[in-house]
Every structure is written in structure tokens, then in C-alpha cells.
Amino acid sequence: MSNTSLVAPDDIRDRFSKAMSAMYQAEVPQYETLLELVDEVNRETLERDTALAERLAAHDELNRLGVERHGAIRVGTAEELAMLRRLFAVMGMHPVGYYDLSEAGVPVHSTAFRPIDDAALSRNPFRVFTSLLRLELIESPALREQAASILAERDIFTAGARELIALSESQGGLSDEQADRFVAEALETFRWHRDATVDLATYEALHAEHRLIADVVCFRGPHINHLTPRTLDIDEVQKRMPAAGMNAKEIIEGPPRRHCPILLRQTSFKALEEPTHFKGERQGTHTARFGEIEQRGVALTGKGRALYDRLLAASRDKTQGLANDAHQQALAEVFAEFPDDEATLRREELAFFEYRLTDAGHAADAGHETDLDALIAQGLVTARPITYEDFLPVSAAGIFQSNLGGAQNDAYTGHANREAFEAALGATVTDELALYAERESISKEGVLKTLGSATAD
Ligand code: OOG
Ligand code: NI
């Protein structure tokens, strides 16, 4: 087959994310309500803030506003994780970042399968936060073995999905018709199954160890547990959730509201109790699925991230137990130390920026100095914040916990094991900071080369 008849992986991801969204809206009607609320607040925000509307239009972001930014799943075995890596690769999604959630009392470690380059992110930014259960952290050997043997019996992929993944690998992509079949087959892995694979007593034993263990082990597949659209005003959506019938998470995770947004802010409506059939004709319920929203800001450098982590840790005592408004206020007070204008964030190397020539820069003769600050002051170059595309372990733990009934087990902490995760994955994870640093330096070299060198001849 010639390469021209193959569909771009970005297009397959776009089809897949739309199919996933439609499936989730049908399965979880409250998620549809959340999408409507987000859309309403986004429209009002754009009407009120015309500068924001112009900026989004200039960056060609308005038409993608309604597209989900991420989803999340949890798997039980190394084989499942490794196969998912191959499944996501078909759609141009690659493992970026290692997140140790054991630190927060949750027995998983995770990565995000996501598009990497700019063009792919702007075509469709959909990514999947993927966690691997760490059975080795379960204390009881009997329970550990029982969980492992239940997991060993399931296959979370359809035969069709396996065939199409192998086909994509051997022919270097999929045709239009194969891509549609792949999306339909892949979707089956993420579907909800109301029939558990175990009896109620087994479910309860695993649940008593940790609700997450029951969620991963007792079902036929890793049901997608949330999807997450992008909001332009997370504080406003949080405020309106109760009136729209949603049980909002108590607090917004991440940094406080700022003039220059940094990293990632997130909140959710809490997981719903859903009827579940257990083996032996027993009925019960399981809580797993929820809806989340996110608002993203600039990616921080190692130095900026260290400052963020320090301030977040310092805020913990002051914010403990506070309701959202008071929590945000206390957080803002601690974060007053974090510079909140683009020029300072850039000059102090706290955040990543992408450098571009302005119209004047394009028209300028070469032979300029190579001092970026001077070029910016002369209006020849602009610096645009690079959006953070990844996740935050403390925030992720907060999202996990609010949907797992706050369960936390300190016995799990202090067990980061990136090597074991990568061995299970069958690949290394890309370092997210290196990606931002590379983008910044390529853009810097590009403008300096154009403005600085050409007259040398
Ligand atoms: C994943 C929670 C983490 C996020 O946005 O930080 C997450 C899960 O509950 O499986 O999705
Ligand atoms: Ni999430």
C-alpha cells in the first residue's frame, strides 16, 4: 500500500477523541451537562474579555475550544500497559512524564500518552492519563495473589484492535477504512461494563484494601473514568456546578487564579454511584466515573517548578480544610511570592517562552545584536508563553482522592519506581521539561539566526 493512502495519526486521534466523547456523554449524562456549563461560561468569558477572544482567534484556538483535552484510565498489568502504548502510538500519542502517586497514598504510577509536537497538539490535543496498579504495594499476600489471578484472566483488547495495531505497525499506518475500524475496536477497551467479573465478597475485600484496587481488578476493562474539557474560567464553572445539579469537588487543584496563569488548574464533579451486577446474581453499586475541567497556563522551567512546589507545600497548612473561596484566598497569599508578569517570568527563567519575529522583525535587515531583550524592546521579536501540556502529581492525587472517597494509605508512600514502570511499558517515558526546553531553544536560535547573521556575507 502506498503511503499516500494512509490516514495521518493526528486524524485518527481526532476521530477517536470524538467517538470517546460521544460514548461518554451517552454513558454519563451528567458529563453532557458539564459540557453545556463549560460552553456557557466560555461564551460569556469571550464576550466579556475581548482581548482573550482576539488572542485565541489569532492562535487559531477558538474552533478547538470544545474539544476535550484529556481522559484517564487505570490498568492492572504490565501487558495491558504495553499494549496500550502500541494502541496509542497508532494515534500519535506517546508516553510523556512519570508520575508517582504512591507519594499521595494511591497505589499507582502513571504517564500521559499525548501528542508531542506543536502541529499535532494544535490539530487535536487529546491525551490520556494512564495509571498502572501496583499490586506489589498490597500488603496481604493472599489478596495480592487473588487480584493478580483475576487480572490474568481478562483480555481488555478486542481481537480486531490487536490485528489493526499490528497492521498499523507493519504498514506504517492505517487506511481510511482501517482507521474507522480501529477507532470502533479501540473504543471497546474504554467502555463501561456494568457486570463485574467477580462476586460481591471479592469486590468488597479488594475495596476494603483500596477502592482503586476494586475499580481496576473487578471489571472486564479499564473504563474511561473521566473526560476533561477546557474552561476559560474555572472559578466560575466551580461556582455554578451545584446549581446545575453537580456535586463539585471541594477545591480547585493547582495554582491560584493569577494574571499570568501557570501550569494547570483542575476541578471535577464527584464520581457517581452506578448500579453494578456481581457474580452470583447480586446487585450493588460502584463509584468510578466523573467529569473534570481544566484551565492551562504557561509551562514552568525546573527553577519555576521548584518555586511552585515549595509554595504549594508551604500553603498546605494554611489551606487545610478550607472551603474553596477561603482556600483560594489563602493560596493566593502564599503565591504572592511567584512573579505574575510575563517579562519577569521570562527574565528570571521561571517559565518557557517561544520566540517569534514580529512583522517588523521579518522586514528588518539582518546584522542585529543577539541580545533577545534588546530585540524584544525594539519590537522585532515577541515572546509567547508555551502552554503546559502535562499533569501535576499533587493535583492528580487530589482528583483521585476526591473520587475515591478520600481513601489514602500512607503505607504506599515513598515508592517511586520509574524503572519498573518503564519496564512494564516496554519503553522509556519522555521527559516533559526537555520537550519545553527544546521548543524554546529552537525558537530562540531561529530568530537570532534570521536577525543576526545574514549580512555576514
Ligand atoms: C486519574 C487522576 C489524575 C488528572 O487530571 O490529574 C487526572 C484517575 O483518577 O485515574 O486525571
Ligand atoms: Ni484528569
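Visitor: Which residues surround ligand 1?

Guide: Happy to start there; this is a predicted model, in which local features need pLDDT of at least 70, side-chain atom pairs count only at pLDDT 80 or more, and totals for chains, interfaces and linings use all residues. Residues are numbered from 1 along each chain as its sequence is written, chains are lettered from A and ligands numbered from 1 in the order in which they are written, and side-chain values use heavy atoms, with hydrogens and water left out. A residue counts as near the ligand if one of its heavy atoms lies within 4 Å of it. By that rule, ligand 1 is surrounded by His70, Ala72, Arg74, Phe129, Asn225, His226, Gln266, Glu292, Phe391, Ala396, Ile399 and Phe400.

Visitor: How far does a polar side-chain atom of glutamine 266 lie from an oxygen atom of ligand 1?

Guide: A polar contact here is a pair of N or O atoms within 3.5 Å. Histidine 70 places a side-chain N or O atom 3.0 Å from a ligand 1 oxygen, and for histidine 226 the distance from a polar side-chain atom to a ligand 1 oxygen is 2.9 Å. For glutamine 266, the value is 2.6 Å.

Visitor: Where does ligand 1 sit?

Guide: On a 1 Å grid over the protein atoms alone, a cavity is a set of points where a 1.4 Å probe fits but cannot get out, a pocket is an open set with protein on both sides within 12 Å along at least five of seven lines, and lining residues have an atom within 4 Å of a point. A molecule sits in one of these if more than half of its atoms lie within 2 Å of its grid points. By that test, ligand 1 is in the largest cavity.

Visitor: Which element gives the most to the lining of the largest cavity?

Guide: This cavity has a volume of about 150 Å³, a volume being the space filled by probe spheres set on the points, which are joined across faces, edges and corners. Of its 16 lining residues, the closest to the centre are Ala72, Phe129, His226, Ile399 and Phe400. Two or more residues come from each of E2, strand E5 (127-133) and H17. The top contributor, with four residues, is E2.

Visitor: How many charged residues does the lining of the largest pocket have?

Guide: About 1400 Å³ of space lies in this pocket. Among its 47 lining residues, Arg55, Glu61, Arg230, Arg296 and Thr387 are the closest to its centre. Alongside 17 nonpolar and eight polar residues, the number of charged ones is 22.

Visitor: Which element provides the largest share of the lining of the second largest pocket?

Guide: The volume of this pocket is about 1100 Å³, and of its 41 lining residues, Glu253, Arg316, Val394, Gly398 and Gln401 are the closest to its centre. With seven residues, the largest share comes from H17.

Definitions and conventions: A polar contact is a pair of N or O atoms within 3.5 Å; within protein, one must be able to donate a hydrogen and the other to accept it, and residues adjacent in sequence count only if both atoms are side-chain atoms. Ala, Val, Leu, Ile, Met, Phe, Trp, Tyr, Cys and Pro count as nonpolar, Asp, Glu, Lys and Arg as charged, and the others, Gly among them, as polar.
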